[in-house]
Amino acid sequence: MLDKNISVEGDDNIIVSNVKDSTINISLSGDKLKAIKGLYDIIVNEVTVVDTYVVCILNRGGISWYGVGKNRVELYESVESVNKYINQNRFFFSDDFYVEVTHYYTLAKELRSALDCLVEAIATADNQDAITNIYNITYEQDIHCCASFVREMMNAFSKADNHPAYNAFAEVYEQHELQREKIFAAINNKRETAI
């Protein structure tokens with residue numbers, strides 16, 4: 001039986017109308033670990049989707065594929081899922097960690113915008129033959145998308161077509177990767193493993 005000052009609204013909301021005279025004991029059991037695992041899964045999904053798009057754009061024909069509406073929606077949803085998840089599970093994370101994930105989300109949004117600019121820069125490059133030659137380097141290769149690969153490709157595009165979008169994309173991609181590794185390191189410090 002709940003104190004008259006405490007009521008339950010739905011599955012996730014506990015309402016306390018008089019905090020001074022009420023006591024709430026919350027048992028986390030496995031919820032904190034589930035929240036950490038859930039965040040890890042959301043970030044892995046976001047990275048997978050973003051890297052898939054980056055690899056497609058950096059291969060011949062990728063900028064046309066990127067223009068398809070449903071593809072852009074998938075990219076948008078994967079980035080927004082990070083923000084939605086961290087806010088829904090705010091209770092389970094420290095303020096410092098929440099700030100780190102929010103920073104990651106901001107970088108993910110910047111990366112999404114930089115990806116739009118990259119596609120426009122490639123599509124409107126003055127020397128399309130030089131752009132095609134860069135695409136020939138990656139055509140039908142098994143590419144591992146990482147900051148060093150992205151930087152290499154952006155440098156090549158920049159030499160062929162002097163546009164600030166290439167360097168801007170490489171920089172935000174590098175920051176996004178560094179912030180992700182920082183979050184994964186923090187998650188690894190808190191997770192429990194059994195071997």
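Phenylalanine 169 is buried, as is tyrosine 173, where buried denotes under 20% relative accessible area, exposed over 50% and partly exposed in between, with a 1.4 Å probe and protein chains only. The model is predicted, so that local features require pLDDT of at least 70 and side-chain atom pairs pLDDT 80 or more, whereas totals for chains, interfaces and linings use all residues. Residues are numbered from 1 along each chain as its sequence is written, and side-chain values rest on heavy atoms, with hydrogens and water left out.

The chain contains seven helices and two strands, arranged along the sequence as β-β-α-α-α-α-α-α-α. These elements are DSSP runs numbered from the N terminus, with helices (H or I) of at least four residues and strands (E) of at least two. Of the 195 residues, 38% count as buried. Among contacts in the chain with a separation of 6 or more, 69% involve residues 24 or more positions apart; contact means heavy atoms within 4.5 Å.

Six aromatic pairs are present in the structure. Rings of Phe, Tyr and Trp (its six-membered ring) pair if their centres lie within 6.5 Å, and planes under 30 degrees apart count as stacked, over 60 as edge-to-face and the rest as tilted. Phenylalanine 169 and tyrosine 173 form a tilted pair, at 6.1 Å centre to centre and 40° between the planes. Both residues belong to helix H7 (residues 164-190), where they are four residues apart, about one turn of the helix. The pair of phenylalanine 157 and tyrosine 166 is stacked, because the ring centres are 5.5 Å apart and the planes lie at 20°. Phenylalanine 157 and tyrosine 166 are both buried, and together with Tyr135 they form one aromatic cluster.

Helices H6 and H7 have axes that come within 9 Å and cross at roughly 175°. H6 is therefore roughly antiparallel to H7. Axes are lines fitted to C-alpha atoms, for helices over the stretch in contact, and angles run from 0 to 180 degrees between N-to-C directions; those under 35 degrees count as roughly parallel, over 145 as roughly antiparallel, 65 to 115 as roughly perpendicular and the rest as oblique. Residues of H6 including Val150, Met154 and Phe157 meet residues of H7 including Tyr166, Phe169 and Tyr173. Arginine 151 lies in H6 (residues 147-160). Apart from neighbours within four places in sequence, arginine 151 contacts Asn167, Ala170, Glu171 and Glu174. Its C-alpha atom is separated by 8.6 Å from that of phenylalanine 169, 18 residues away along the chain.

Helix H3 (residues 69-88) packs with helix H4 (residues 95-123) at an angle of about 170°, their axes being 9 Å apart. H3 is thus roughly antiparallel to H4. Among the contributors to the contact are Leu75, Tyr76 and Val79 of H3 and Tyr98, Val101 and Tyr105 of H4. The charged end of arginine 90 sits over the ring of tyrosine 98, 4.1 Å from the ring centre; this description requires NZ of Lys or CZ of Arg within 6 Å of the ring centre and within 35 degrees of the ring normal.

The axes of helix H1 (residues 31-57) and H3 come within 9 Å and cross at roughly 155°. H1 and H3 are therefore roughly antiparallel to each other, and their crossing is left-handed. The contact includes Leu39, Ile42 and Val49 of H1 and Leu75, Val79 and Val82 of H3.

Terms used
Left-handed = near helix turned anticlockwise from the far one by under 90°.
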